[in-house]
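The entries below follow the order in which I looked things up.

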Amino acid sequence: MKKKLSAIFWGTQPRALLTGAAIFMAVSAVDYYLRNEISIDVFYFLPIFIFTWRGNKRWGLLMSVASVILWLLDERLFAPDLGDTYRIVAWNALVRLAFFYIIVLLVNQIKTLVARERANSSLKSAMIHTVSHEFNNALTGLSAGLFLLKETDSSAGDDTRSRLYGSMETSQHKLALYVKNILNEARMEGGRFKLVKKPLALRELAGGIIDSIGELLKQKEIEIVTELPAMPSLVNVDREAMALVISNLLGNAVKYTRQGGRITVKVERRGGAEGASVVFSVEDSGIGISLADLENIMSGFYRTEEGKSEASGFGLGLKISNELLALHGSRLQIISEKGKGSRFFFELPAV
């Protein structure tokens with residue numbers, strides 16, 4: 001029903017205008033049949049609104065004048081012997097016209113603001129997409145160059161060089177994650193993000209991502225504990241999207257866990273054969289989140305004061321992760337206490 005109404009009012013312009021004209025004639029007929037009941041006048045707003053929104057201000061004004069003229073004709077037909085009341089009728093017609101005119105101006109102004117906002121949003125999305133794409137290309141080149149340097153370096157056993165290579169790889173990994181977050185946010189805002197769902201084992205995906213941040217874990221001397229099932233539990237997800245979600249959660253845990261801390265990554269299957277689900281969680285011994293900040297943490301570009309002092313970032317990762325999980329019919333849940341670490345987890349139906 002909602003889709004049908006949307007197609008009538010927001011479909012093609014000719015269809016919308018024809019709908020407006022049909023409503024106008026229907027209201028006029030009811031107005032005539034009911035002897036110009038006052039409440040019927042309200043429904044003239046519908047065709048006026050449609051003609052202004054889908055046409056322009058001039059069309060809205062023409063519909064307003066037509067509505068007033070029709071009302072006058074009805075008055076004349078219902079009360080042919082107006083006598084001294086013609087001044088009242090003329091005043092009522094003038095008031096209606098003024099009121100309709102104000103409605104047309106307001107609708108036209110809203111239409112202009114909405115069109116401007118859509119244009120700005122499209123421009124922002126296009127700019128973010130272009131910049132993120134260029135950054136991604138540059139990072140791909142840097143990654144390939146770093147790999148070749150490591151492979152061809154005759155001093156590969158040198159501790160200083162190894163640390164430098166590890167630091168460069170960590171920075172490259174962080175930048176790549178930032179770019180993916182911003183790029184996917186732009187795609188979702190522009191309605192261009194599409195999922196390709198396939199059966200996937202979160203155990204293998206999490207293991208690969210943990211390996212990729214091994215150098216960062218070593219630098220901060222963070223102990224990572226994995227509680228993964230012996231047999232893989234499959235979930236129907238988009239691999240790239242889920243990899244980004246897990247990367248964000250692990251990246252946040254590493255970022256806000258201090259030197260010598262601990263991170264636990266757990267994949268757990270719940271339920272029986274029917275209605276089974278898989279729960280993925282990342283728990284850290286980091287700085288934690290206060291109750292007040294928990295309400296805003298997934299709003300996007302929001303960072304706690306403790307988070308700002310602890311590490312750099314944009315505050316976009318959790319928002320993106322929650323939006324990607326929502327596309328999979330799930331949501332990101334948080335259990336945290338300031339100064340006592342955090343636990344981020346989500347649940348997906350098992351295949």
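**Entry 1: the core.** I worked from a predicted model. I first looked up the largest nonpolar core, which has 42 residues. Within this core I found that L202, M242, L249, F280 and F346 touch the most other members. I then listed the elements that give two or more residues to the core: helices 7 (202-212), 8 (214-219), 9 (239-256) and 12 (317-327), together with strands 3 (234-238), 4 (262-270), 5 (277-284) and 7 (342-349). Helix 9 gives the most, with 10 residues. I also noted another core that lies apart from this one; it has 16 residues, including F24, M63, W71 and V89.

**Entry 2: F346.** Which residues is F346 in contact with, leaving aside its neighbours within four places in sequence? I found L202, M242, V245, L249, V278, V279, F280, L325, S330 and R331.

**Entry 3: helix 7 against helix 9.** I read a packing angle of about 50 degrees for this pair, with the axes 10 Å apart. I recorded the crossing of helix 7 and helix 9 as right-handed. On the helix 7 side I listed L202, L205, A206, I209 and I210; these meet R239, M242, A243, I246, S247 and L250 of helix 9. Sorted by class, the residues of this contact are 9 nonpolar, 1 polar and 1 charged.

**Entry 4: helix 9 against helix 12.** Here I read an angle of about 145 degrees, and the axes are 9 Å apart. The crossing of helix 9 and helix 12 is left-handed. Helix 9 makes this contact through A241, M242, L244, V245, N248, L249 and N252, while helix 12 brings G317, L318, I320, S321, L324 and L325. I counted by class 9 nonpolar and 4 polar residues in the contact of helix 9 with helix 12, with no charged residue.

**Entry 5: burial in helix 12.** I checked which residues of helix 12 are buried and found G317, L318, K319, I320, S321, L324 and L325. After helix 12 comes G329, and I noted that its phi is positive, near 80 degrees.

**Entry 6: S281.** I located S281 in strand 5. Is S281 buried or exposed? Its relative accessible area is 4%, and because the limit for burial is under 20%, S281 counts as buried. Beyond its neighbours within four places in sequence, S281 is in contact with T264, V265, K266, R343, F344 and F345.

**Entry 7: R203.** I placed R203 in helix 7. Its C-alpha atom is separated by 7.2 Å from that of P229, a residue 26 places away along the chain. With neighbours within four places left aside, I listed L228, P229, A230, M231 and P232 as the contacts of R203.

**Entry 8: E221.** I looked up E221 in the loop between helix 8 and strand 2 (223-227). E221 is not a glycine, yet its phi is positive, at about 55 degrees. Its relative accessibility is 56%, and E221 therefore counts as exposed.

Terms used. Residues are numbered from 1 along each chain as its sequence is written. This is a predicted model: local features need pLDDT of at least 70, side-chain atom pairs count only at pLDDT 80 or more; totals for chains, interfaces and linings use all residues. Side-chain values use heavy atoms; hydrogens and water are left out. A nonpolar core is a set of buried Ala, Val, Leu, Ile, Met, Phe, Trp, Tyr and Cys residues joined through side-chain atoms within 4.5 Å. Buried means under 20% relative accessible area, exposed over 50%, partly exposed in between (1.4 Å probe, protein chains only). Helices (H or I, at least four residues) and strands (E, at least two) are DSSP runs, numbered from the N terminus. Contact means heavy atoms within 4.5 Å. Axes are lines fitted to C-alpha atoms, for helices over the stretch in contact, and angles run from 0 to 180 degrees between N-to-C directions. A crossing is left-handed if the near helix is turned anticlockwise from the far one by less than a right angle, and right-handed if clockwise. Ala, Val, Leu, Ile, Met, Phe, Trp, Tyr, Cys and Pro count as nonpolar, Asp, Glu, Lys and Arg as charged, and the others, Gly among them, as polar.
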